[in-house]
Amino acid sequence: MPDLQSAYRVNHSIETAVLRVLSDILDALDRGHFAVLTLLDISAAFDTVDHATLLCRLQTTYGITGTALVWISSYLHERKISVRYRGTSSTPSSLLCGVPQGSVIGSILFLLYTAEFPGLIEDVQLNRHIYSDDTQISSEFVQNLVCA
């Protein structure tokens, strides 16, 4: 689990995410630097998880194999969705991607699927904090003002 992930963990809530991001910005300002904050909210993030990529990542990165991998695969495959409106239901359609948001395992699978993302942000030396599918990326810059 990424160290700066403030969701789905004990004692890590939206408050810890807000406090961490605010602290990073205030620290930069206290040093006399500029602070920049980018907020990413991945639209329908849980719905876009590719099953094949997730299963491959679970196997190669996390060593999940055998019965556990088969169980997760069966959880993801053969899922159906339909819409019910005023007593009438649509024809069920197969879901080809996504994990159920709000389920315990859906949240964990999403975090494992996106676990490499924080490292990519760190590789370019930016600060980051994640809350579920929301990511805050911040950086600071030294003020180099030249007056003519």
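## Overall architecture

Helices (H or I, at least four residues) and strands (E, at least two) are DSSP runs, numbered from the N terminus. By that rule the chain has 5 helices and 7 strands. Their order along the sequence is α-β-α-α-β-β-β-β-α-α-β-β.

This is a predicted model, in which local features need pLDDT of at least 70 and side-chain atom pairs count only at pLDDT 80 or more, while totals for chains, interfaces and linings use all residues. Residues are numbered from 1 along each chain as its sequence is written, and side-chain values use heavy atoms, with hydrogens and water left out.

Burial is judged by relative accessible area: buried means under 20%, exposed over 50%, and partly exposed in between (1.4 Å probe, protein chains only). Buried residues account for 29% of the 148 residues in the chain. A contact means heavy atoms within 4.5 Å. Take the contacts between residues at least 6 apart in sequence: 61% of them join residues at least 24 apart.

Helix axes are lines fitted to C-alpha atoms over the stretch in contact, and angles run from 0 to 180 degrees between N-to-C directions. Angles under 35 degrees count as roughly parallel, over 145 as roughly antiparallel, 65 to 115 as roughly perpendicular, and the rest as oblique.

H2 and H3 pack at about 165 degrees, with axes 11 Å apart. H2 is therefore roughly antiparallel to H3. The H2 side of the contact consists of His-51, Leu-54, Leu-55, Leu-58 and Gln-59; H3 supplies Leu-69, Ile-72, Ser-73 and Leu-76. In the class scheme, Ala, Val, Leu, Ile, Met, Phe, Trp, Tyr, Cys and Pro count as nonpolar, Asp, Glu, Lys and Arg as charged, and the others, Gly among them, as polar. The contact of H2 with H3 has 6 nonpolar, 3 polar and no charged residues.

Gln-59 sits in helix H2. Gln-59 is partly exposed, at 40% relative accessible area. Leaving out residues up to four places away in sequence, Gln-59 touches Ile-64, Thr-65 and Leu-69. The C-alpha atoms of Gln-59 and Leu-69 are 7.4 Å apart, and the two residues are 10 residues apart along the chain.

Helix H3 spans residues 66–76 and helix H4 spans residues 104–113. They pack at about 105 degrees, with axes 12 Å apart. H3 is thus roughly perpendicular to H4. Trp-71, Ile-72, Tyr-75 and Leu-76 of H3 meet Ile-105, Gly-106 and Leu-109 of H4. The residues of this contact divide into 6 nonpolar, 1 polar and no charged.

The axes of H2 and H4 come within 10 Å and cross at roughly 80 degrees. H2 and H4 are also roughly perpendicular to each other. Thr-53, Leu-54, Arg-57 and Leu-58 of H2 meet Leu-109, Leu-112 and Tyr-113 of H4. By class there are 5 nonpolar, 1 polar and 1 charged residues in the contact of H2 with H4.

## Arg-57

Arg-57 lies in helix H2, which covers residues 51–60. Arg-57 counts as buried, at 18% relative accessibility. Neighbours within four places in sequence aside, Arg-57 is in contact with Tyr-62, Leu-112, Tyr-113, Thr-114 and Glu-116.

## Ile-121 in H5

Helix H5 runs over residues 117–123 and holds Ile-121. Ile-121 is buried, at 5% relative accessibility. Not counting residues up to four places away in sequence, Ile-121 touches Leu-126, Asn-127, Arg-128, Thr-135 and Ile-137.

## Arg-86 in a strand loop

Arg-86 lies in the loop between strand S3 (84–85) and strand S4 (88–89). Arg-86 is not a glycine, yet has a positive phi of about 50 degrees. Arg-86 is exposed, with 74% relative accessible area.

## Cysteines

A disulfide is a covalent bond between the sulfur atoms of two cysteines. Here a disulfide is counted as a pair of cysteine sulfur atoms within 2.5 Å. The count comes to 0 disulfides. Cys-56 is partly exposed, at 42% relative accessibility. Cys-97 is partly exposed, at 33%.
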